[in-house]
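Subject: Structure handover

Hello,

Here is the structure you are taking over. Please open it first, then read my notes below.

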There are 2 protein chains.
Amino acid sequence: MTGIKDVAERAGLSVATVSRALSGKGNVSPTSRERARAAAAELGFVLSYHASSLASGRTHNVGLVVPSVHRWFFSAVIEGASAALLEAGYDLTLYNIGENPAHRHSVFNDFLLRKRVDAVIAVSLELSEAELQQLHAMHRPIVGIGGPLPGASTIRIDDSGIARKATNHLLGLGHTQIAHITGHEAYDQDFHLPGTRRSGFEEAMNDAGCPVRPEWIVSADFTIEGAYAAARQLLASAPDRPTAVFAASDEMAIGTILAARDFGLRIPDDLSVMGIDGHDLGNVMGLTTIDQDAKGQGALAVRTLLGAITNGLVLEPADTEHPTSLVVRSSTAVPKAGAS
Amino acid sequence: MTGIKDVAERAGLSVATVSRALSGKGNVSPTSRERARAAAAELGFVLSYHASSLASGRTHNVGLVVPSVHRWFFSAVIEGASAALLEAGYDLTLYNIGENPAHRHSVFNDFLLRKRVDAVIAVSLELSEAELQQLHAMHRPIVGIGGPLPGASTIRIDDSGIARKATNHLLGLGHTQIAHITGHEAYDQDFHLPGTRRSGFEEAMNDAGCPVRPEWIVSADFTIEGAYAAARQLLASAPDRPTAVFAASDEMAIGTILAARDFGLRIPDDLSVMGIDGHDLGNVMGLTTIDQDAKGQGALAVRTLLGAITNGLVLEPADTEHPTSLVVRSSTAVPKAGAS
DNA sequence: CGCGTTTCCGCAAGCGCTTCCACAAGATGC
DNA sequence: GCATCTTGTGGAAGCGCTTGCGGAAACGCG
């Protein structure tokens, strides 16, 4: 294997100068810099990042902790973060927690402590006291996405506001009989997200003077499958059916649409449906939604961290609100005349 | 930061012995081993993997190169691989190539050569000569999934066989008017996968004495959206419509089902649809499919690589065929009497 | 032209581990 | 009884870089 020594020899420079030339730090004359570059290129030399990390303390590697890689939000964040990191020359180490508690435990008590990452992005994770402590014990910048993360900077969206905005969209079309699909309570304990969106919904309804019917608030697990089942129950009773459904996520909105079709309901004629997210399938499904730009959130997290790393300053815990946008497609419309 | 030196001091042992005790290699008396462990635990000590890698040449890190993290197959492979790696104490570095050619270039010419990974898993990537060369220049074990990878071990499924199996399922139900949704030619150049599945389809049709109608073979880009558009065209002409569609992937089958619904076609009464994959949505959509266990393939790739790493032997290029299974759900049925 | 600055560069000391080697005991063989 | 293994341990030499330090060369200024 060719090392920096070989490059130095070939370039007729010292190892130190080659190191500085290639990393761009320190004063190196343009001539030497060019010679170092040329020699490295000719030899196909690429720095050993282990050695580099060991010597410099910088790993050029960011850890990304996610609860799952399958669900839309997480894969979108990964996509956004990975592109931004690649661009910056950083590696991305993925820690996919999954369902297994043992895995979760080892990620926090082992993997993250290996001093292999310069920074950590944690996505939608509600951490225990102990986990939080381990995280901070790394003494590395941390950014949380999609959930609170005490002591760390977070990127979030205005969940309550967008729920109001979504509900107002339906109200504005003339709907008054609106159901809401929220997340299970278990999720609420973690991220408070279902509850926040739900209260946004209720506020908007109250402001409009529309009663919120408790039996029209059903919960699911944020997946298409789960919402499909929940929506089937909601839509089962023909005479007493909402004219619109606001789901707390696009995946649940899609499940609702699938369920509606099973009952022969036409979207949006018989039922308007909207969600929150900006899911890729939204386009095919004609889903009206509020786009939260998950990719952008991932990229922003990376920019935040890299800024902190290169400035060497400790990341001040701060909340950044990420913008969202209403995307109107064909799943929402004025309620059919005659529908109550 | 506490280092191995502190542990050694606390345990009353030499650094060398502590290293051996913690790694489990070399001869260490049970007493010393226990003392080392205890001291490490008390200090909350976790090895610096940089230093460890530098000294030992082993990184405890595997690189996973994927074209995208969004599409089902890739995220399933990631999920499977990540769990298996976590289990083994290995880190997973994710290289998401994406659409950007510059990213692709830097992954192969830069990132992978940083000597940070012990092995590489490449998923569904058709590599150029140069990329292949860079990959092999790492001198690390490589496993390919979902596509050929010259000079490396690969894990694959019997594409032709499962296409025949799928087609035979439809034929067995009594369908003769079967359409096929294949992948675009561009994909064929890469993975040969669409072509292989397509010929499996054609073989089965020929064997059954059913004519293959060229206008009933349409292509899409393997996504739900793409197949949705393609299927709309396919299904547009009411009088002359297939009674069944076999899509080369579940995502495309789902797109087909969505399109069929737009035309008021009932699944499976008016149209049987099946795919290949084992997509999570298959359940909700009632999709008959051939499950290829992508997670299992990811896990198998990891096991193969770890075996090679720990045995220190070069991985003999070998093809492993991963088993698949027919999953019959509600999207396929005997064709309606009266349909041609 | 001399002197203080600045720029560029090489030396060498690490970064925090692993592992080769040597060595001291205790175990074993004849 | 002595020679020979085996086992457990510590010393020390790296692994392949980065970077502080000091010297040499180039520069600016009166």
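This is a predicted model: local features need pLDDT of at least 70, side-chain atom pairs count only at pLDDT 80 or more; totals for chains, interfaces and linings use all residues.

**Helix 10 of chain A**

This helix covers residues 193–207. At 1.5 Å a residue, its 15 residues should span 21 Å. The end C-alpha atoms are 21 Å apart, so the two values agree. Its buried residues are Leu193(A), Pro194(A), Arg197(A), Arg198(A), Gly200(A), Phe201(A), Ala204(A) and Met205(A).

**How the two chains meet**

Chain A puts 40 residues into the contact, and chain B puts in 40 residues. On chain A, the elements that each supply at least two residues to the side touching chain B are helix 4, helix 5 (72–88), strand 2 (91–96), helix 6 (101–109), helix 11 (224–235), helix 12 (250–262) and helix 13 (282–285). Helix 5 of chain A gives the most, with six residues. By type, this side of chain A divides into 18 nonpolar, 13 polar and nine charged residues.

Do the copies meet through the same surface or through different ones? They meet through the same surface, because 100% of the interface residues of chain A are also interface residues in chain B.

Chain A superposes on chain B by a rotation of 180 degrees, with 0.1 Å of shift along the axis and an RMSD of 0.2 Å. The two copies are therefore related as by a two-fold rotation axis. In chain A, the C-alpha nearest that axis belongs to Thr93(A), at 2.2 Å.

**The DNA strands**

Now strand C. It has 27 residues around it. Ser14(A), Ile4(B), Ala16(B), Ser19(B) and Ala55(B) come nearest. Two or more residues come from each of helix 2 and helix 4 of chain A, and helix 2 and helix 4 of chain B.

Ala76(B) sits in helix 5 (residues 72–88) of chain B. Is Ala76(B) buried or exposed? Ala76(B) is buried, because 23 other C-beta atoms lie within 10 Å. Leaving aside neighbours within four places in sequence, Ala76(B) is in contact with Ala294(B), Lys295(B) and Gly298(B). Asp280(B) is 204 residues away along the chain, yet its C-alpha atom is separated from that of Ala76(B) by 9.5 Å.

Helix 12 of chain B runs over residues 250–262. Its 13 residues should span 18 Å at 1.5 Å a residue, and the end C-alpha atoms are 19 Å apart, which agrees. Eleven of the 13 residues are buried, so the helix is largely enclosed by the rest of the structure. Among the buried residues are Met252(B), Ile254(B), Ile257(B) and Leu258(B). Just after this helix, Gly264(B) takes a positive phi of about 75 degrees.

Best wishes

Key. Residues are numbered from 1 along each chain as its sequence is written. Chains are lettered from A and ligands numbered from 1 in the order in which they are written. Helices (H or I, at least four residues) and strands (E, at least two) are DSSP runs, numbered from the N terminus. The expected span of a helix is 1.5 Å times one less than its number of residues. A residue is buried if 20 or more other C-beta atoms lie within 10 Å of its own, exposed if 12 or fewer, and partly exposed in between; C-beta atoms are placed from the backbone. Two residues are in contact if their C-beta atoms, placed from the backbone, lie within 7 Å. Ala, Val, Leu, Ile, Met, Phe, Trp, Tyr, Cys and Pro count as nonpolar, Asp, Glu, Lys and Arg as charged, and the others, Gly among them, as polar. Copies are superposed by least squares on the C-alpha atoms of residues with pLDDT of at least 70 in both. A residue is near a molecule or strand if its C-beta atom, placed from the backbone, lies within 6 Å of it.
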